[in-house]
Amino acid sequence: MGDSKAFLNIPRQEAGYRPIHERITDFSQVEQTLNSHDRKLQASRCMECGVPFCHWACPLGNKQPEFQDALCKGKWREAYQVLNETNDFPEFTGRICPALCEKSCVLKLSCDAPVTIRENEAAIAEAAFREGYIVPVRPERNGWKIAVIGAGPAGLSVAARLNACGYEVTIFDSKPMPGGLLRYGIPNFKLPKEVIDRRMDVLKAEGIRFEMGVCIDMQKLPAGFDAYAVCTGTPTARDLTIPGRELKGIYFALDMLAQQNRILDGETFPKEQLVNARGKRVLVIGGGDTGSDCIGTSIRQGATNVTQIEIMPQPPVGHNDATPWPQWPVVLKTTSSHEEGCTRRWSLTSNRFIGKNGKVCGVEVEEVEWLPAKDGGRPTMKPTGKKEVIEADMVLLAMGFLKPEQPTFAENVFVAGDAANGASLVVRALADGRKVAQRIDQYFNR
């Protein structure tokens, strides 16, 4: 490394977010960036550990010490080349990945100040586009044709890898634009859609074909291809089938998130179809990242107030022995959307929706206790009888997605990403896409 003791002298510096009073008035990216000098200083904090646990924790197997070393020396092109060896889309993960690598950084263990790996990754990707390091390459074709069903993270990963190996790749997707949940689930204030468009232009220039707005029957895959990759994600959201579910004003999280992204892309919807929180009391059921995205979107749409409830107990604040380093720490997470203003509550189950004139106006919730299992298994939930009503004019269900059941496919059909493993992180979908692309390549070269 350029300075093996930099971590002793240079404190961790995050770029931070735009001021709250400013960012809640638009859907522009909330995260800021550091200048090149400060970014190189942050990269210099990498200790070049004997055992790089950051590499161990990354589903993609990114070589963090190597690209940090290049970055701190100002070798931006080399940094991108190292990063691109394992990650085809660092501009995505550099913005939305929860950074498992940082949680396993030795500096996280020693002083709770890991290297800013995710931000450094995003900076490298932006420099690569800005300086023209990313040039479309059209490889020599090998004669095999591959159909990728689904243009989300896993499908894009499969397509990018196989195209680089010389396969003729066509991506099919029912949506009008590629990206899957990157485009239709993650808000623009976390991932601007021009970032996706920029990469799609590169993929198209490299020879990948996109057939958008095409619904594919999984029992009758399109003819004319030698192999198929099914990357359809987890399209079915987990529902909450309690009394009053039929009331108006209750939506799945993606009903709001996808529509808002489409509106920002120029689409229009009839007034009766709008999922908009303006002037409403919003209740978000579900404490994960999707719920957090609903909070930020509701605030920007003009909600009167936002409450988020979670059936599980509140995670501990800060370090705890339940999830020791270098494991992913189960601790209380506060996102940029939480900072913008919402009430958060835990250990609440929803009993029934309450309505007036056919519209939801509240939810009866009940406090629960979680009792540890004697055999060390899953804890059991016990209702306490303590009930109350949370007033709400809009309820957003953000409780995750159901793992899809796939039909029996022929041997030349491969399933990747969430479609195979259930809902998970974008970085894991990208990693699984690379693995499935390798399996397809081995299928033709066995």
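1. Contacts of Gly291. Leaving aside residues up to four places away in sequence, Gly291 touches Val284, Gly286, Gln308 and Ala398, where contact means heavy atoms within 4.5 Å. The C-alpha atoms of Gly291 and Ala398 are separated by 5.2 Å, although the two residues are 107 residues apart along the chain.

2. Basis of the values. This is a predicted model, in which local features need pLDDT of at least 70 and side-chain atom pairs count only at pLDDT 80 or more, while totals for chains, interfaces and linings use all residues. Residues are numbered from 1 along each chain as its sequence is written, and side-chain values use heavy atoms, with hydrogens and water left out.

3. Setting of Gly291. Gly291 lies in helix α15, residues 289–301; helices (H or I, at least four residues) and strands (E, at least two) are DSSP runs, numbered from the N terminus. Gly291 has a relative accessible area of 0% and is therefore buried (buried means under 20% relative accessible area, exposed over 50%, partly exposed in between, with a 1.4 Å probe and protein chains only).

4. Cis peptide. Trp325 and Pro326 are joined by a cis peptide bond, with omega about 5 degrees. Pro326 sits in the loop between β7 (305–309) and α16 (336–339).

5. Positive phi at Glu48. Glu48, a residue other than glycine, has a positive phi near 50 degrees. Glu48 is in the loop between α3 (36–44) and α4 (53–57) and, at 48% relative accessibility, counts as partly exposed.

6. Positive phi at Asn357. Asn357 is not a glycine, yet its phi is positive, about 55 degrees. Asn357 belongs to the loop between β9 (348–356) and β10 (359–371). Its relative accessibility is 74%, so Asn357 counts as exposed.
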